[in-house]
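Here are my comments on the complex, as numbered points. Please read them with the structure open.

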Amino acid sequence: MVEHRPWLTFLTHAILLLGCLIIAFPIYTTFVASTHSLDAITSSFPFLPGRHLIENYHQALTAGSGEVGATVGTMMMNSLIMALGIAFGKISISLLSAFAIVYFKFRFRMFFFWMIFITLMLPVEVRILPTHKVVADLNMLDSYSGLIFPLIASATATFLFRQFFMTVPDELCEAVRIDGGGPIRFFFDILVPMSRTSIAALFVILFIYGWNQYLWPLLITTDESYYTLLIGIKRMLDVGEGQADWQIIMASTMLAMIPPVLVVIFMQKQFVRGMTETEK
Amino acid sequence: MEKRVIFKNKVLPYFLIAPQIIITLVFFIWPAFMALYQSVQQEDAFGLKTVFVGLENFQYIFTDPIYLNSIKVTMVFSFSVAVVAMSTALFFAAMADRAIRGATTYKTFIIWPYAVAPVAAAVLWYFLFNPTVGMISFFLKAIGIDWNFTLDGGQAMLLVILASAWRQIAYNFLFFLAGLQAIPKSFIEAAAIDGASPAKRFWTIAFPLLSPTFFFLLVMNLVYAFCETFGVIHAITEGGPNEATNIMVFKIYHDSFESLDLGGSAAQSVILMFIVISLTVIQFRYIEKKVHY
Amino acid sequence: MADVSLRDIYKSFGKNEVIHGISCDIQDGEFIVILGPSGCGKSTVLRMIAGLEVITNGEIAINGNVVNQLEPADRDIAMVFQNYALYPHMTVFKNMAYGLKIRRMAKAEIEKRVQRAAEILELTEFLDRKPRQLSGGQRQRVAMGRCIVREPKVFLFDEPLSNLDAKLRVQMRLELRNLHEALGITSVYVTHDQVEAMTLGDRLIVMDDGYAAQIGSPLEVYERPATRFVAGFIGSPAMNFLDARLRSDGKSIEIPGGINLPVDSGGLPDYGGKQVTLGIRPEHFELTEQKEDAMHLRVNHVELLGADTLVHGHFGDEKTLLTARLPDIYHFKKGATLSLTVSPEKLHLFDMESESRIQN
């Protein structure tokens, strides 16, 4: 666009820059707070980083705070296990289901397809009590399987893979048949490797989804050793009349935010791809 | 839906699709039916007796002032979040679309908040606005505003809207930018030749072409506000003060696990389910129609 | 090495029958081309031989064994697809080795076969590349390499040259011919391009709408086309067709413009007095000095090709535009009249209803 209005371009960039700063502001203040001692935070409003960074983070990781009962280190590990479990779990079963739906003809195929489709409309928040009961009945409370399994069957990944599989030329499948391979060979040797980029994109989205889960872990964990990080942070805030360990809380929040943010920044392309394609 | 190439195995597909179907049945379909079933039952707190009561639970909640309040609160909350998040995002996206240089860098910096969990975002904003240690509350008090969201319902609502929208701006920005960048440059250039100013070009050409994206995001933002913002409420206000931020999903949680009102909370779940399903269905219908121009 | 036998094969999709009773015995080592326009069913026949389509009726036998129930992998065949179907994430080497790997062949043997095929096809320097790094012609050769290493009984080709540019096509045709002479494997080749068919095939199966219109050598199909369809399909520019009537004694034929042409070898007494379709190839017209007993063509327009001249015009009051191909360069003006003759043995007569050749 040939625009001879340089001040407009300047304004555009200025606004964008300002926008980025405003958006980053809360994170900045949190980071700053995580580097000061508690006194510094309660008595003034520090704007620049302090000198207690190592000390605070170390304390958070090894001791935690107040009555939470678990260290941030443990909780981070739980969050990590949950995130990875959900990401790998969802990707695996969705690959299999999409493969079945696209490449086979079997009775109930459309029925199963619609069943999977329905899950798109049922986020966990609308069925919390009954799902909790099911998990309790299956003795899966306070366990990693309880954290992971109920969340790995939603439809977005299946649809993404289905869409991708539809674009794979039929001839590749026929070539494999002529080369002597059956459906399993085709799936592992050809289809899955070709789906690499979709898998990467989904991994980013699902990892973030799993790591950021709040309501579900809240419901099914009472044993502190299974708390995920976000639950722990909220617990730290629940001090009633007492003093919240702000510096620890802030450090923990930073720790809670860093992994997903890093993933988005370094895998931005896959992230964007995953977002735009799952919404079709 | 049909591919020409089909494998002939009859049993294998069932094994392949089994994991997803089993989990879907056990953790999605069955609980959904349970919620429906429980919504027409009345169970006492000890779980000893259940009585079929028809639509009595629904009648009861619709006359319960707290529930009606939570519907109102939810509506105000979700539409505010949607409006704030979408308009800010649209504004930034329009700016980013114009900035030819550095667009990717801006994109990175505006998108990353999406990686932050709603509850973590809540903690950030809670810290800033906290009456005792919050930097912004200090500033507000300094200019004469009596800021204490633990007492003032309106202020509490403001805070949760802000915390929820902050994160959603990133999401909306991503889609708006993609939508704007997909508009063929020739349309905009033709309008420029016709003499339209940048603002006019945006509103009369770009925005209408963006309407599918807009509608899509509206639904997504509303569903987000209905469901995923649970963490925000739970972390900052726990529904208070005085039910000022008691959105529906929060009330369901509270009634299920703290008041143990099973029939009532099941009825509320059913209603929330119904709303979410309707929104999603409307969206699919609309998208399908629009795609066929 | 094997012979392939198509015994009265039929194919239906649901209620829709698309292949109607085709029979052919393909000899061991023969290169047979299935030729026909789009939609005639040639690819379907190929896929039936491959095992990618179920045979509704009839049998296909390879080396005497009926293969109807066998999966493609068990028929010992190899196929080159129109779009090559190379596995995009594998190197050229792995693409060629894949079929052997599945059959659990020893690594050393696989290495040997792939290297040998790569040498034959001049692909040795490309073995570590991925398909997207190769040109169209190179990909085509990889597709063939994949077939060669398998050392199958039968090669199947599904319009392999149609995605290449014209010059490359000519080159690849030659390479295919040389390859076949070197390896001698029975090959079934599908195409819609008659030049490919005429130059590559030992025999042709010309297909029309699911039927085998004619099976024969390229020259047979050219000189003695069995149906009007085959006559019109083979040869470029296409054969001219006229409505004509045999004289009552069946010894000569009357064409528009009132001329009588003698009919070859003794005439056709059975068709005396009947209306027939007369076919004359453009290249069989000859210019003649004498004006009587010659066909008079009123020139409409002329195309100078350099080596030949194509003259388009009308006989008598006929509305049909006819084409004559004359060697050398002629500058005829529009409206001029040419005198042309044709040797009797170059006349093709077809029954008006059945459209079959009238033999004599």
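1. C:R298 has C:H314 as its bridge partner in β17(C). The two strands concerned are β16 (residues 295-304) and β17 (residues 308-315) of chain C. They run antiparallel and are joined by 7 bridges. Keep in mind throughout that this is a predicted model.

2. That pair belongs to an open sheet of 5 strands. The order is β15-β19-β16-β17-β18 in chain C, and the pairing is antiparallel. Which strands sit at the edges? They are β15 (286-287) and β18 (322-327) of chain C, each of which pairs on one side only.

3. Strand β11 (residues 240-246) of chain C pairs with strand β14 (residues 275-280) of chain C over 6 bridges, in the antiparallel sense. Within this pairing, C:F241 is opposite C:G279 of β14(C).

4. C:P237 lies in the loop between α8 (228-233) and β11 of chain C. The peptide bond joining C:S236 and C:P237 is cis, with omega about 0°.

5. On domains, chain C is split into domain 1 (4-233) and domain 2 (240-351). The centres of the two domains of chain C, taken over C-alpha atoms, are 40 Å apart.

6. One helix pair in chain C deserves a paragraph. How do the axes of α2 and α4 of chain C cross? Helix α2 (residues 92-102) and helix α4 (residues 136-150) of chain C have axes that come within 8 Å and cross at roughly 35°. The crossing of α2(C) past α4(C) is right-handed. From α2(C), the contact uses C:V92, C:N95, C:M96, C:G99 and C:L100. From α4(C), it uses C:V142, C:G145, C:R146, C:V149 and C:R150. By class, the contact between α2(C) and α4(C) has 5 nonpolar, 3 polar and 2 charged residues.

7. Now the interfaces. Of the 2 pairs of chains that touch, chains A and B have the most contacts. There, 78 residues of chain A are in contact with 77 residues of chain B. On the chain A side, helix α1 (residues 6-33) of chain A gives the most, with 14 residues. The class count for the side of chain A that touches chain B is 56 nonpolar, 15 polar and 7 charged residues.

8. Chain A also meets chain C. Here 14 residues of chain A are in contact with 17 residues of chain C. Helices α9 (170-179) and α10 (183-194) of chain A each supply at least two residues of the chain A side. The largest share of that side, 7 residues, comes from α9(A). By class, the side of chain A that touches chain C has 7 nonpolar, 2 polar and 5 charged residues.

9. One backbone point in chain A. A:N139 has phi near 60°, a positive value in a residue other than glycine. A:N139 lies in the loop between α6 (128-137) and α7 (144-148) of chain A.

10. Finally, confidence. The predictor gives the complex an ipTM of 0.82 and a pTM of 0.79. Chain C has an average pLDDT of 89, and 98% of its residues score at least 70. Within chain C, the lowest mean is 76, in β13(C), and the highest is 96, in strand β3 (residues 31-35). Chain B has a mean pLDDT of 83, with 94% of its residues at 70 or more.

Note on methods:
Residues are numbered from 1 along each chain as its sequence is written. Chains are lettered from A and ligands numbered from 1 in the order in which they are written. This is a predicted model: local features need pLDDT of at least 70, side-chain atom pairs count only at pLDDT 80 or more; totals for chains, interfaces and linings use all residues. Two residues are in contact if their C-beta atoms, placed from the backbone, lie within 7 Å. Helices (H or I, at least four residues) and strands (E, at least two) are DSSP runs, numbered from the N terminus. Ala, Val, Leu, Ile, Met, Phe, Trp, Tyr, Cys and Pro count as nonpolar, Asp, Glu, Lys and Arg as charged, and the others, Gly among them, as polar. Domain bounds come from an automatic or database domain assignment. Two strands pair if DSSP finds at least two bridges between them. pLDDT is the predictor's confidence in each residue, from 0 to 100. Axes are lines fitted to C-alpha atoms, for helices over the stretch in contact, and angles run from 0 to 180 degrees between N-to-C directions. A crossing is left-handed if the near helix is turned anticlockwise from the far one by less than a right angle, and right-handed if clockwise.
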